[in-house]
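Hi,

Here is the structure I promised to pass on to you.

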Amino acid sequence: MGSSVRKGKAVLPAEEAARPSSPRREQPQRAAAEDYHHAAQNANNGQAITASCKNKDTDLQFKIQAYIDKNTVMIFSNTACSLSAKVKELFKSMSVPYCSLELDKTEDGQKLQDALYELTMETSVPIVFVQQKQIGDYDKILKAHKEGKIQKLLETKGHDYMQDSYDYDLIVIGGGSGGLAASKEAAKYGKKVMVLDYVTPTPQGTRWGLGGTCVNVGCIPKKLMHQAALLGQALQDSRKFGWQFEEKVKHSWETMTEAVQNYIGSLNWGYRVSLREKEVTYENAYGEFVGPHTIKATNNKGKEKFYTAEKFLIATGERPRYLGVPGDKEYCISSDDLFSLPYCPGKTLVVGASYVALECAGFLAGLGLDVTVMVRSILLRGFDQEMANKIGEHMEEHGVKFIKQFVPTKIEQLEEGTPGKLKVIAQSTDGREITEGEYNTVLLAVGRDTCTRTIGLDKVGVKINERSGKIPVSDEEQTNVPYIYAIGDVLEGKLELTPVAIQAGRLLARRLYAGTTLKCDYVNVPTTVFTPLEYGACGFSEETALEKFGEENIEVYHSYFWPLEWTVPSRDNNKCYAKIICNIQDNERVIGFHVLGPNAGEVTQGFSAAIKCGLTKAQLDNTIGIHPVCAEIFTTLSETKRSGGNVLQSGC
Amino acid sequence: MGWEEKAARSYGGFVQAAQQSRGRPVFALFCGDKDAQGRSWCPDCVTAEPVVRSELNSLPDGSVFIYCQVGDRAYWKDPNNEFRKNLKLTGVPTLLKYGTPQKLVEEECLNRELVHMLFTED
């Protein structure tokens with residue numbers, strides 16, 4: 001009702017000022033906004049002037065920004081909206097002059113409203129700005145008024161209003177395990193948080209949604225596919241337990257992948273709902289530093305936005321490394337591509353000896369595919385080598401071929417297709433032999449590189465390890481730049497595990513915003529490798545323990561065991577293996593725990609808590625086992641390696 | 001082009017409406033049946049419907065919005081009802097984007113920003 005003009009200011013747009021061609025939100029834009037606004041102020045009060053608006057988003061945003069900048073109180077409103085009327089009444093009652101723009105009465109009002117949404121994330125009017133600070137809708141204005149914030153803003157001209165100096169309290173670059181945990185925790189303490197997440201497509205064009213590596217191309221799909229393989233084995237075993245079915249059991253890669261991707265999709269969606277509910281702003285955009293306290297966010301259409309924050313958290317993680325040989329990027333896939341591959345990979349060569357390589361090779365073989373693993377030197381570098389070799393042996397006995405001490409030098413395409421046919425030429429590490437092979441798919445799993453080289457760290461002075469790309473941090477995850485922190489796989493010298501990143505992220509947010517002092521404990525972190533024969537570990541490997549404490553101060557207890565469930569179907573005896581490493585000088589404290597067998601992760605979790613409590617061999621011996629389960633072996637370990645006694649089993 | 005609304009009652013009715021809309025984005029709101037006065041037995045559904053309707057104008061062009069009444073309270077409580085079995089619905093109101101894992105359940109439907117996100121983002 002009524003005209004669009006309120007309280008003494010003409011609000012209708014005037015003719016457009018000439019615009020500079022750059023759309024960047026820097027000096028040129030300021031000049032344009034000012035030009036425009038002088039024109040507006042020079043317009044006659046009360047005279048309706050329509051704008052010759054070009055159809056560009058940036059022009060509308062300039063317009064809106066101009067209104068916000070030039071008015072102490074700016075209300076974006078609608079004549080039909082009762083809340084808009086209420087908000088104006090409120091300011092009138094405070095005797096505060098305001099400027100209001102009635103979007104329903106303005107030409108291009110709908111487009112302005114859309115541009116407003118982009119700027120403010122508010123979907124309805126009224127939207128109120130006080131001293132250029134976005135307060136929000138009627139409820140938020142009422143609340144701010146009751147808390148005296150409006151008065152304060154007006155009195156101090158916005159300078160003392162703390163949040164006004166930066167757009168956000170915290171901007172998190174990377175929406176993976178660490179980034180999401182930290183951002184949600186910070187939001188709990190009322191902080192204004194933004195998360196930027198962006199997936200650069202793989203050379204094959206694969207991309208995925210919010211959640212990071214673990215959810216999309218790591219732990220989650222890996223474990224599900226590992227389970228698919230285990231079920232295949234269970235089906236075979238089931239005949240011995242009396243199940244009768246005639247057909248040969250077949251596996252559909254497409255059915256499995258669709259189900260896995262569907263689940264991942266629900267996780268991506270769940271994270272977005274969760275962020276929205278906690279009022280964490282999320283943008284699907286590539287974040288990089290451009291200057292102190294400032295980042296640039298570029299979305300997949302190339303649109304750039306700039307944001308400032310008091311603190312930053314780098315949680316950008318890693319991506320698979322390529323070999324750097326001809327044909328690698330064109331024809332090979334990585335773990336980034338495998339879990340959403342729309343066709344069965346067929347006969348596969350896995351290059352690498354990491355847990356990624358062995359886990360993938362393991363479940364592919366378990367699904368019935370012809371799998372070969374090409375290894376440059378040792379398996380599972382950094383893990384207990386006795387256990388690593390047992391894993392390799394088990395895989396070999398179950399049909400996985402290994403080509404040891406070779407590296408690929410060239411990959412050629414013989415036939416296109418889904419899958420196609422590839423030729424791999426490889427050279428032995430001593431240089432003497434060349435070998436060739438044909439495969440449908442080549443999966444590279446030769447390591448992962450941190451995403452730290454193209455996010456503008458040099459612009460803000462964050463030091464990284466030039467060789468590895470990793471970021472060194474203090475024990476409080478602070479980089480050399482005090483307002484910039486980092487967590488997760490990008491960190492130098494820390495375990496690359498989801499729960500570690502989550503814990504570090506949560507504790508960091510609590511230290512920053514809830515006044516706690518607890519730091520992340522990176523010692524005795526349990527892990528599990530989900531190879532066909534699973535391996536769980538916590539604490540020292542045997543080699544590292546020997547090196548640190550000396551052979552005479554270490555006692556290693558060990559034994560093979562035969563899971564009861566494996567007896568009836570005549571599955572391997574004397575393959576599952578348990579080992580603990582004890583520190584003789586410290587009451588035979590358990591400093592290393594290793595188990596190779598089914599459900600290794602479930603078994604290891606409980607023992608890792610005991611190790612955190614300072615578990616000793618005597619306490620373990622005093623613990624009565626549960627029968628009949630695999631884990632009970634740990635309560636009856638008696639043979640030591642030192643004694644050389646026989647640890648082979650002959651049954652329960 | 002805008003969007004189109006279809007009404008459905010029963011699971012079979014919903015499936016038919018969805019099949020008729022093949023090739024277009026389909027969004028569906030599942031609510032408890034309304035009585036003669038037009039009021040659903042499900043209080044959250046009563047609150048959610050206007051919130052969802054207020055966001056319908058942000059639906060992508062060519063979308064179909066199916067308003068589906070799932071049945072009376074007794075039918076809904078039956079753990080084997082067709083909606084639970086076939087669509088895996090766990091509660092009413094449920095607002096979902098058909099053919100994707102994207103959905104909002106119960107209180108989430110009352111949050112206008114979440115509804116907007118479901119309608120407009122991939």
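First, the conventions. This is a predicted model, so to speak of local features a pLDDT of at least 70 is needed and side-chain atom pairs count only at pLDDT 80 or more, while totals for chains, interfaces and linings use all residues. Residues are numbered from 1 along each chain as its sequence is written, chains are lettered from A and ligands numbered from 1 in the order in which they are written, and side-chain values use heavy atoms, with hydrogens and water left out.

**Where the chains meet**

Chain B brings 14 residues into contact with 12 residues of chain A (contact means heavy atoms within 4.5 Å). About 1,300 Å² is buried between the two chains, and carbon and sulfur atoms give 56% of that; buried area is the accessible area, with a 1.4 Å probe, that two parts lose on being put together, summed over both. Of the area that chain B buries against chain A, B:Pro101, B:Glu113 and B:Met117 supply 41%, more than any other three residues.

There are 3 salt bridges between chain B and chain A (a side-chain nitrogen of Lys or Arg within 4 Å of a carboxyl oxygen of Asp or Glu). One of the salt bridges found in the model pairs A:Arg276 with B:Glu121, whose closest N and O atoms are 3.2 Å apart.

Which elements of chain B supply at least two residues each to the side that touches chain A? They are strand S5 (103-105) and helix H5 (112-120); helices (H or I, at least four residues) and strands (E, at least two) are DSSP runs, numbered from the N terminus. The largest share, 6 residues, comes from H5(B). By class, this side of chain B has 5 nonpolar, 2 polar and 7 charged residues. Here Ala, Val, Leu, Ile, Met, Phe, Trp, Tyr, Cys and Pro count as nonpolar, Asp, Glu, Lys and Arg as charged, and the others, Gly among them, as polar.

**Chain B**

Chain B has an open sheet of 5 strands in the order S1-S3-S2-S4-S5, with mixed pairing (two strands pair if DSSP finds at least two bridges between them). S1 (4-9) and S5 are the edge strands, each pairing on one side only. Within the sheet, S2 (residues 26-31) and S4 (residues 94-97) of chain B are antiparallel over 4 bridges, and B:Phe27 has B:Lys97 as its bridge partner in S4(B).

Axes are lines fitted to C-alpha atoms, for helices over the stretch in contact, and angles run from 0 to 180 degrees between N-to-C directions. Helix H2 (residues 43-54) of chain B lies across S1, S2, S3 (64-69) and S4, at about 170° to S3(B).

**Chain A**

In chain A, 5 strands form an open sheet with parallel pairing, ordered S12-S19-S13-S14-S15. Its edge strands are S12 (333-334) and S15 (401-404). S13 (residues 348-351) and S14 (residues 371-375) of chain A are joined by 4 bridges, with A:Val350 partnered by A:Val373. Helix H13 (residues 355-366) of chain A lies across S13, S14, S15 and S19 (441-444), running at about 165° to S14(A).

Best wishes
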